[in-house]
Amino acid sequence: MGQKIDRDSQRFHKLVRGKVKSNLSKYISRGEMIGKKGSDLVSIPLPQIEVPQFKFGKKGSGGVGSGDGDVGTPLGPPQGDDSGQAGDQPGGHILEVELTLEELAAILGEELQLPRIEPRGRKNIRTKRDRYTSIRQVGPESLRHFKRTFKRALKREISSGTYVPSDPKVIPIRQDKQYRSWKDVPQPQAVAAIIYMMDVSGSMTDEQKEVVRIEASWLDTWLKAHYQGIETAYIIHDAVAQEVDEHTFYHTRESGGTKISSAYELCDKLISTRYSPDEWNVYAFHFSDGDNWGDDIPKCIEILTEKLLPRLNLFGYGQVESPYGSGEFFDYVHELLGEHENVVTSRIPDREAILGSIKEFLGTGR
């Protein structure tokens, strides 16, 4: 019975995974997953999915549906009375299932065919990993080494003359038993810093910020699958830039103009004082509607080419479409693509474009 339940659970998990993968674009554009994210698990609403049926007991032992009655006889109170109750149409079944962030990242990578990231920073965190490298005389039965135990028992029986070749039974005793033993092995893991920048001037709407929030969450999910240590910084800007927490990042709106260079200057400062590229894998993503003070553009490009790009694993510029912004800044950053392999630009006109934008940002494998 236990093995059947395990098999059913495995099939169900594969079914859930396939359902998520086939509908990934829908889940991303609606933001359903990130709204139900915990520290390690993501709760996902999956409509119209068949749940495995587990049956216990013997056939004919009673229970629901085993008494007198005809096929189709309803159970419970009579249906269809004109009592003015809630609607009479059947509802869909929605099941909340959970996937780990690692599983979610794997689904994203498979669906978008993303290359794995090769860390370059030298700063590491040291974690411990158990390695079974030796043998002991005592231990839990779950770690008993079958081959070594069998050999010791066989040698003992042969040397003592109790082994009968015509009846080759080998029965280990306590002194024959061997158990796997482990030791903690320090293992370095690469770390990364992600710096998000966003225009919060009057031309950026709440819907655009929601697009940024959804995309940033998936960027986080993919990068966290490649690094054991992640630090995230958030910068908002209009004409002036400031570092803020995550909640402020997504819920602030100013009425001033736009000066993108202020965000790039602050990003450069954070890298210099906190995230040295000799130790960290540094990623910077900037989201804007492309509106910028005209005289500020040369300064932006100068900071990008001379200060930021030489120290970043990847710089991604995502331009969300706005009814108010000019959108001109995209072209200036896009011109850098031919000269700098760690620059990626992406246009994100609406939620439906998020999946393609994620592929553009992460498809470099940097």
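Colleague: What kind of link do the side chains of glutamate 207 and arginine 351 make where they meet?

Modeller: A salt bridge, with an N to O distance of 2.8 Å. The term covers a side-chain nitrogen of Lys or Arg within 4 Å of a carboxyl oxygen of Asp or Glu. Before going on, note that this is a predicted model, in which local features need pLDDT of at least 70 and side-chain atom pairs count only at pLDDT 80 or more, while totals for chains, interfaces and linings use all residues. Residues are numbered from 1 along each chain as its sequence is written, and side-chain values use heavy atoms, leaving out hydrogens and water.

Colleague: Which parts of the chain does the pair from glutamate 207 to arginine 351 tie together?

Modeller: Glutamate 207 lies in helix H5, and arginine 351 in the loop between strand E9 (343–348) and helix H10 (354–362), so the pair ties together parts that are 144 residues apart in sequence. Helices (H or I, at least four residues) and strands (E, at least two) are DSSP runs, numbered from the N terminus.

Colleague: How many salt bridges does the whole structure hold?

Modeller: A search finds nine. One of them joins glutamate 243 and arginine 274 at 3.0 Å, N to O.

Colleague: Which elements do lysine 299 and glutamate 265 tie together?

Modeller: Their side chains meet in a salt bridge of 2.9 Å, N to O. Lysine 299 belongs to helix H8 (residues 297–308) and glutamate 265 to helix H7, so parts 34 residues apart in sequence are tied together. Lysine 299 is partly exposed at 34%, as is glutamate 265 at 37%. Salt bridges can also join up: Glu141, Arg144 and Lys177 are linked in a network of them.

Colleague: Back to H5. How should I read the length of this helix?

Modeller: Compare the span with what is expected, which is 1.5 Å times one less than the number of residues. H5 (residues 206–224) has 19 residues and reaches 27 Å from its first C-alpha to its last, close to the expected 27 Å. Of those 19 residues, 14 are buried, so H5 is largely enclosed by the rest of the structure.

Colleague: Which residues have the most contacts inside the largest nonpolar core?

Modeller: In soluble globular proteins, nonpolar side chains tend to be buried together. A nonpolar core is a set of buried Ala, Val, Leu, Ile, Met, Phe, Trp, Tyr and Cys residues joined through side-chain atoms within 4.5 Å. The largest one here has 45 residues, and those with the most contacts inside it are Ile28, Leu108, Tyr196, Phe249, Tyr283, Phe285 and Phe287. H5 gives the most to this core, with eight residues. A second, separate core of 33 residues includes Tyr264, Cys300, Ile303 and Val333.

Colleague: What does isoleucine 28 touch?

Modeller: A contact means heavy atoms within 4.5 Å. Leaving aside residues up to four places away in sequence, isoleucine 28 touches Leu108, Ile214, Trp218, Ile354, Leu355 and Ile358.

Colleague: Where is valine 138, and which residues does it touch?

Modeller: Valine 138 is in the loop between strand E3 (124–136) and helix H4 (146–160). Valine 138 is exposed, at 52%. Beyond residues up to four places away in sequence, valine 138 touches Arg174 and Tyr179. Lysine 177, from the salt-bridge network, is 39 residues from valine 138 in sequence and 7.7 Å away in space, C-alpha to C-alpha.

Colleague: How many helices and strands make up the chain, and what share of residues is buried?

Modeller: There are 10 helices and nine strands, and buried residues make up 40% of the 366 in the chain. Among contacts between residues at least 6 apart in sequence, 81% join residues at least 24 apart.

Terms used
Buried < 20%, exposed > 50% of the residue type's maximum accessible area, 1.4 Å probe, protein only.
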